[in-house]
Amino acid sequence: MDIITSRYGPAALLSGLGRLTIMLGRTVGALRHLFTSLHLITAQMYFMGVKSIWLVMVTSVFTGGVSAWQAGYQFKSYVPMRYLGGAVGKAVLIELAPVLTALVMAGRVGAGIAAELGSMKVTEQIDAMESMAVDPIRYLVMPRFVAGIIMLTALTIVADFIAVLGAMGVALGFMGMEYETFWNGFRQFFLMRDFVSGLVKASCFGAIIAYMGCYFGFAAEGGAEGVGRCTTHAVVSAAVLILVADYVMATLLFQI
Amino acid sequence: MITVEKLQKRFGRLTVLDGLDLEIATGQSVVIIGQSGCGKSVLLKHFAALLRPDSGTVTVDGRNIFALSRDDLMSYRRQIGVLFQFGALFDSMTVAENVGFALKESLHLKPAKSRDIVEEKLALVGLPGIGDKMPAEISGGMKKRVALARAIAAEPRILLYDEPTTGLDPITAMVINELIVDVNKKLGVTSIAVTHDMASAYKIADRIVMLHQGNIVFDGSPEDTRTTSDPIVRQFINGLSTGPIAVH
Ligand SMILES: Nc1ncnc2c1ncn2[C@@H]1O[C@H](COP(=O)(O)OP(=O)(O)OP(=O)(O)O)[C@@H](O)[C@H]1O
Ligand SMILES: [Mg+2]
């Protein structure tokens with residue numbers, strides 16, 4: 001009996017999934033207020049962007065750098081170096097930039113949302129909002145959800161750019177490649193489709209991060225400790241879901 | 001008219017409200033007293049449909065508020081004001097944005113109009129000109145008064161006060177009591193207040209009810225409350241550690 005009624009038993013999981021779905025439905029429903037909530041959305045976008053831009057840039061420059069280095073090591077004496085730009089470019093645009101940006105943002109923005117909404121929940125601010133006939137889903141969740149989608153896409157474009165620059169820096173600076181060689185390789189294999197697919201994934205990751213933050217924030221209970229717990233849950237589930245969604249989207253976007 | 005019928009609320013194994021019945025006439029000012037942890041805040045939240053009972057109903061003007069559609073619930077909530085026990089001010093907004101929140105986001109008043117109302121309400125609670133401060137910058141008692149200003153800003157028909165005077169000095173508490181009496185006197189306002197503070201209860205109540213073990217165990221005028229021989233009420237108002245109420 002206890003396993004069924006406990007917080008982590010199957011029944012809790014099912015009712016959790018039910019709540020998750022209902023809240024997602026209401027969030028999507030709240031999109032009809034999109035144009036009257038633009039000020040809330042832009043505020044969240046600004047907040048997410050400012051919080052994360054430097055972090056994303058630092059992550060990306062090293063991601064690009066290490067992928068150029070590792071590709072160089074793998075190619076050595078098997079594959080001509082003129083393919084390096086192409087290989088690194090694809091890896092960055094399709095996988096590395098979207099996924100690593102999303103994982104970093106899950107830790108930054110997802111945790112931030114969960115902590116903020118969680119502390120609003122445990123101090124009854126969300127009850128107060130409801131008591132004033134303002135729907136917290138419309139006022140708090142929907143703007144974060146939309147801003148998450150937009151900002152993850154935007155930051156992934158930045159990450160793509162910086163990571164390729166980082167790769168080029170390593171290729172030129174430490175591997176003795178010519179600028180022309182790297183760049184021609186990159187261009188020869190560049191597909192608009194890959195770039196766009198990466199952004200489609202990023203937007204989906206943005207939705208996951210923001211939504212997990214909101215969902216677990218709203219589920220917070222019982223003071224500061226509860227807020228900490230919900231923040232951890234938000235980050236962990238966002239990270240897992242990002243990787244699962246990445247696989248699912250790979251099978252949909254890139255048919256073998 | 002607000003009618004509570006057989007209201008039952010449990011949290012896990014703990015039964016907080018146990019088939020509670022209560023009837024409140026329009027325009028009445030009811031004070032709920034009771035020991036800490038007996039469920040006063042839980043009861044109060046049911047009047048705003050912030051908590052849902054396991055069974056039972058709260059009927060306002062003939063309609064069960066737990067059976068309303070989302071839109072009807074929203075319009076019901078536009079008629080109520082809630083002062084939360086711990087203020088529940090939005091800590092990311094200024095004092096003025098807090099007080100004007102319902103005016104802007106729910107009633108969609110023009111900014112100039114709502115600014116005037118915010119100033120007026122802040123002056124009413126004795127805090128003129130602090131609109132630009134953040135909640136973190138003001139004292140606990142000031143937060144309480146800002147929360148009160150926020151609760152009355154939209155001129156609701158039903159007011160729910162959860163311990164309006166705890167944490168205030170006796171003088172400010174009396175000013176707040178008078179303000180509450182004033183607001184309540186306005187035509188048709190029904191008020192339900194929770195308090196431990198008997199001075200405040202005598203001042204603002206037309207009627208005092210006592211909540212004990214999930215039910216109303218006493219219901220009478222302030223005068224009845226002073227003179228009652230009911231041992232539970234006597235123990236509570238005289239603050240005795242021995243008697244029928246067990247202190248855990
Ligand atoms: N969300 C909740 N989950 C679980 N238990 C709760 C919840 N809210 C209240 N309780 C429990 O219900 C009981 C009544 O709580 P309530 O806050 O109504 O007390 P109160 O009468 O307002 O006390 P006080 O005067 O100290 O504010 C307490 O035992 C509390 O632990
Ligand atoms: Mg209470």
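How large is the area buried between chain A and chain B, and what percentage do carbon and sulfur atoms give? About 1800 Å² is buried between the two chains, with 56% from carbon and sulfur atoms. Buried area is the accessible area (1.4 Å probe) that two parts lose on being put together, summed over both.

This is a predicted model: local features need pLDDT of at least 70, side-chain atom pairs count only at pLDDT 80 or more, and totals for chains, interfaces and linings use all residues. Residues are numbered from 1 along each chain as its sequence is written, chains are lettered from A and ligands numbered from 1 in the order in which they are written, and side-chain values use heavy atoms, with hydrogens and water left out.

**View 1. The interface of chain A and chain B.** Chain A brings 17 residues to the contact and chain B brings 20. Contact means heavy atoms within 4.5 Å. Four residue pairs, both at pLDDT 80 or more, are in polar contact across this interface. A polar contact is a pair of N or O atoms within 3.5 Å; within protein, one must be able to donate a hydrogen and the other to accept it, and residues adjacent in sequence count only if both atoms are side-chain atoms. On the side of chain A that touches chain B, the elements giving two or more residues are α5 (125-131) and α6 (136-173) of chain A. Helices (H or I, at least four residues) and strands (E, at least two) are DSSP runs, numbered from the N terminus. The largest share, six residues, comes from α5(A). By class, this side of chain A has seven nonpolar, four polar and six charged residues. Ala, Val, Leu, Ile, Met, Phe, Trp, Tyr, Cys and Pro count as nonpolar, Asp, Glu, Lys and Arg as charged, and the others, Gly among them, as polar.

**View 2. Salt bridges between and within chains.** Side chains of opposite charge can pair when their charged atoms come close. A salt bridge is a side-chain nitrogen of Lys or Arg within 4 Å of a carboxyl oxygen of Asp or Glu. One of the salt bridges joins E130(A) to R77(B) at 3.2 Å, N to O. Within chain A, R26(A) meets D135(A) at 3.0 Å, N to O. This pair links distant parts of the chain, 109 residues apart: R26(A) sits in helix α2 (residues 10-29), D135(A) in the loop between α5 and α6.

**View 3. The surroundings of ligand 1.** There are 14 residues around ligand 1; S36(B), G37(B), K40(B), S41(B) and Q85(B) come nearest. A residue is near a molecule or strand if one of its heavy atoms lies within 4 Å of it. The side chain of Q85(B) places an N or O atom 2.8 Å from a ligand oxygen. Backbone atoms also take part: a backbone N or O atom of G39(B) lies 3.0 Å from an oxygen atom of ligand 1, and a polar backbone atom of C38(B) is 3.2 Å from one.

**View 4. The two domains of chain B.** Domain 1 spans 1-79 + 157-248, and domain 2 spans 88-155. Domain bounds come from an automatic or database domain assignment. Their C-alpha centres lie 24 Å apart. The area buried between them is about 1000 Å², with 68% from carbon and sulfur atoms. The count of salt bridges between these domains is zero.
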